[in-house]
Amino acid sequence: MIQYDILQKQCEKLEVLALHTLANYLQQASSHAVSKPVVSLKNSLLVLEEILYEVYKLEMHTEPRVKNRRSLLNNRNFVAKIHPRRIYLLMNVVNKMTNRNSNDIIEAKAAKMVLDYISDIVEWFMQHYDATLQAKKVHTIEPFDIDVMLYEAQTPEAYQAAAQWFELAAQQGNPSAQYNLGVLYNQGKGVKKDYALAKKWYEQAAAQNDANAHYNLGLLYHLGHGVSQNYEQAAIHYKAAANLGNADAQYHLGVLYNQGLGTTVDFQKAAKWYQLAAEQGNTSAQNNLGFLYHDGTGVEQSYEQAMSYFKTAALAGDASAQYNTGYMYLKGRGIPQDDVEAAKWFHMAALQDHTNAEFQLALLYHTGQGIPQDQQEAKKWLKLAAYKGHTKAQYHLGLLYEQEHNLDSAEKWLLLAADAHHVAAQFELGYIYAHHRQQPDKALPYFVATAEKGYVDAQYELGLLYATKADYAKALDWWKIAANQSHTQAEYQLGLLYEQGQGVEQDLERARRSYRSAATRGHTGAQYQLGNLYDKGKGVTQDYTEAAKWIEQAAAKGHAKAQYQLAQMHMHGQGVPKDFSKAAQFYRLAAHQGHVKAQFQLGMLYKKGQGVAQDYTEATRWLKKSIEGQ
């Protein structure tokens, strides 16, 4: 979170720049962040409004007709003046966070977070303000540069004038004018968009070895704009521009080799061209080169090198590289694992609308990994990613709503993920229909779809669904498949079918094996059933000691029938020492869970004074409960 001494220095510098109103708003926002967060947020909003107003005057050389944040942030010509993109995103974030409904809870945390963003915006503004004032003091006239004129032109009239000048110069054979005229036709600025004319002027400039023209011709063929998509032709023009040193062309040529478009896949050549572009500061090339080092394709595998390229591009503001840097910190690849750093980089990428970063940031907020746990923040970032079609985000958002018992919202998001063939979402949707909505017919197709894909929990649930329909043969088939994948519940259910002869001939030996497999993995019901087989001598030689071993484990976990059975064994000294006191202890545990026979036996022990002090009142109470429970 922001340091208050930094804010104080910013206030002082604003005073020096004679921006007294702005300094006052910032001072108020800073001093009330904790004590009066509502006041702080209002002043942060005023800071943003003042900065937008001042920047508009500087860049547009006039005052805005309306001093309105929303209007200014939506003015495309003005927004084009705000760089880097991160600052514009921060402005939007502040605008949204400080415009809440009146019944929202305003917390100090929100005020401090907004203040942190405001500090970054103020720092950018002061540097920008200083640089602009200094530029205004210089009265020298620079030589005419048509490339600069093109990119500085903002109004339609300016573009139209530029087009006329470019046309004159282009007709006289000036390659730079030919290229720029092609750009105007390509983008429809100052002239009607016309890819054919754009191609014509690019080709004339390319004939004179204009690197930018070759590159843009490559883009036309790459994207199929005004021409049939042709990766081979794109490669030819990219290579021409790349050999002339155009970094963007070097990057795109690397992409073609990387993906085998218009050429065979060649990771070594891809790495070569990425490297050349990366050395010129092309962040996309740096990011892609990082991937090659990460996977060891075309270069010797090295997480350290991958991290170096990712971070270089990330520091330059590349959102994909920021995400990849966060991922490397999260996994500890090429750098010591650091959840805090991971959260920081994911947050930076998320502020630039990077969908995967929004999703990963949400997961960190959900678990409290590297960042304070905050389910509302988790949900916020999940929604941003989910609305953009991120399937995993839709699935996790559905799970969050399910945990909150908001089944309508859970169903909405899980349906979206399920329609995108997310297997876990399909299963969870089936679970909601089967267990929450009591709509087994709606659950069935989702369980079938996921069970057939090998999703073991779905195989188990499908068995349950068929069992409730008394279709034990199908239940048996699906539980067998799940049991072969060591699904404990399925093994237990198989044991029950074999013991009871449902959907299959009774087979006590197979029942015992199924129970034992589940019991050794801690399944309480299976432990009781296995112990019961040995206690009754069903399919095995009667063995009270073996029976007690398993029944004790189930009883310790609160299984009422096991507690009653263990009490009986202590009563008769079967597999355990004869002990009325122990018997009373386990009868009581089962009796409190409503076990009728345990209640009766406990009442009789109180009546006879066996294992407990004789107490007719207690005896009557438990005997009465046993009668009422029948």
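Biologist: Hello! Is the crossing of α30 and α31 left-handed or right-handed?
Modeller: First, this is a predicted model, where local features need pLDDT of at least 70 and side-chain atom pairs count only at pLDDT 80 or more, while totals for chains, interfaces and linings use all residues. Residues are numbered from 1 along each chain as its sequence is written, and side-chain values use heavy atoms, without hydrogens and water. Helices are DSSP runs of H or I with at least four residues, numbered from the N terminus, and a crossing is left-handed if the near helix is turned anticlockwise from the far one by less than a right angle, right-handed if clockwise. For α30 and α31 the crossing is left-handed.

Biologist: How are α30 and α31 oriented to each other?
Modeller: The axes (lines fitted to C-alpha atoms over the stretch in contact, with angles from 0 to 180 degrees between N-to-C directions) come within 7 Å and cross at roughly 160°. Angles over 145 degrees count as roughly antiparallel. Residues 524–536 form α30 and residues 544–556 form α31, and the two are therefore roughly antiparallel.

Biologist: Which backbone nitrogen lies 3.0 Å from a polar atom of the side chain of Ser-302?
Modeller: Ser-302 sits in the loop between α16 and α17 and, at 16% relative accessibility, counts as buried (under 20%; exposed is over 50%, partly exposed in between, with a 1.4 Å probe and protein chains only). Beyond its neighbours within four places in sequence, Ser-302 is in contact with Tyr-293 and His-294. The nitrogen in question belongs to Gln-305.

Biologist: What is the relative accessible area of Asn-209, in the loop between α11 and α12?
Modeller: Most residues other than glycine have a negative phi. Asn-209 has a positive one, near 65°. This residue is exposed, with a relative accessible area of 53%.

Biologist: And what is that area for Asp-353?
Modeller: Asp-353 lies in the loop between α19 and α20, with a positive phi of about 65°. Asp-353 is partly exposed, at 41%.

Definitions and conventions
A polar contact is a pair of N or O atoms within 3.5 Å; within protein, one must be able to donate a hydrogen and the other to accept it, and residues adjacent in sequence count only if both atoms are side-chain atoms. Contact means heavy atoms within 4.5 Å. Angles under 35 degrees count as roughly parallel, over 145 as roughly antiparallel, 65 to 115 as roughly perpendicular and the rest as oblique.
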